[in-house]
Amino acid sequence: MPIRIGYFPHNNSLFVLRHRGIVERTLPDVEWVDLRALPESPRVDVKTALPSLHSDWLFTEGGYDVIGTGFTPPVTALANDRDVVYLGISGPRIENGRLVAEAGSGIESVADLKGKRVGIAHGSWQTTLLLFALDKAGLGWADIEPVDTDVNGGTALLNGDLDAWVGAYPGLAAIEAAAELRTLVDTESVFSHPSLWFTRREFAENNRAALEAIIAALQESDAWITENPRAAAQYFVDDIVARGGTADLDAWEAALRGRPFGVNPVSEAFLDEQQHAADLLAANGLIPKSVPVRAAVLPWISEYVAATQPASVAG
């Protein structure tokens, strides 16, 4: 039975790995599943729920066995009683994005967002960043008008359809070039914002060798991205062009250069952040309950991830 790996461009590591042929050396029957080609789930109410498609496809026929996402989906999965386990995390992606408003809009701080329209790619790290920022300002989810813009909210901000936006590079770079922005909160001041990878507990327990092969391949591919960011950026540009869009190779290279690559073991600090997110998401009515996120840790996975890290990273 083939091992199925889910991928899409928002997890840069898996997207590049899909093109490198590294996993196939060890797992010749691997099957790559493009998340964008799977049937779309109905959109959820951004005020009262979180989308769960990333974890749903771990448990659905025709889906995948392993996926990489931003910060929020594992918490959503656990809250929906999906038995997932963490595989690893990237380093902090604190330069990847920020919460912005147009300069001169009268919005000077997060506290000014009460009653305002704030755009996010709902369900991933943008939701968590905004919720953490609101909480620090003494506000909650019900105090704003959240708008699910996917990752393309910059144009809506410039058109006046949004009052603020959680932007990410490379898309944020185009908005910076078009207008003067005010940073309401950067990423570093609220959380570490890593990429992460996770799987079903059943898959991890019954396919240890395959999982170790995938982790080792990620480490090798990520090391290549670090050394060859422009060549890696070309994969993203080619994909966008093939889908009828336009993309700037320089912007993609700059975005990749600003991101950490390599798989690290889940840390206590990361788990504390995940627990804080779980508690806040539940308190604000976005997930049905809070969950003990440390239940999703398998020690042998962290031990293997640590063993595959380059010496310069591991110690």
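The model is predicted, so local features need pLDDT of at least 70 and side-chain atom pairs count only at pLDDT 80 or more, while totals for chains, interfaces and linings use all residues. Residues are numbered from 1 along each chain as its sequence is written, and side-chain values use heavy atoms, with hydrogens and water left out.

**Sheet**

- Five strands form an open sheet of mixed pairing in the order 7-6-8-5-9, where strands are DSSP runs of E with at least two residues and helices are runs of H or I with at least four, numbered from the N terminus, and where two strands pair if DSSP finds at least two bridges between them.
- The edges are formed by strand 7 (145-148) and strand 9 (181-186), each of which pairs on one side only.
- Neighbouring strands of this sheet are turned by 30° against each other on average, direction ignored.
- Strand 6 (residues 117-120) pairs with strand 7 in the parallel sense over four bridges, and Arg117 stands opposite Glu145 in strand 7.

**Helices on the sheet**

- Helix 5 (residues 125-136) packs on the sheet and touches strand 5 (97-102), strand 6, strand 8 (164-168) and strand 9, contact meaning heavy atoms within 4.5 Å.
- The direction of helix 5 makes about 135° with that of strand 8; axes are lines fitted to C-alpha atoms, for helices over the stretch in contact, and angles run from 0 to 180 degrees between N-to-C directions.
- Helix 7 (residues 171-178) also packs on the sheet, touching strand 5, strand 8 and strand 9, and its direction makes about 125° with that of strand 8.

**Cavities**

- The count comes to two cavities of 30 Å³ or more, a cavity being a set of points on a 1 Å grid over the protein atoms alone where a 1.4 Å probe fits but cannot get out, with lining residues having an atom within 4 Å of a point.
- The largest cavity has a volume of about 70 Å³, and its lining includes His10, Arg93, Trp197, Asp222 and Arg259.
- By class, this lining of the largest cavity has three nonpolar, six polar and three charged residues.
- The second largest cavity has a volume of about 30 Å³, and among its lining residues are Pro51, His54, Thr76 and Gly123.
- Helix 3 (53-56) and helix 4 (73-79) each give two or more residues to the lining of the second largest cavity, the largest share, three residues, coming from helix 3.
- The lining of the second largest cavity has three nonpolar, five polar and no charged residues.

Technical notes
1 Å grid on protein atoms, 1.4 Å probe; cavity = no way out; pocket = protein on both sides within 12 Å on 5 of 7 lines; lining within 4 Å. Points joined across faces, edges and corners; volume = space filled by probe spheres on them. Nonpolar A, V, L, I, M, F, W, Y, C, P; charged D, E, K, R; others polar.
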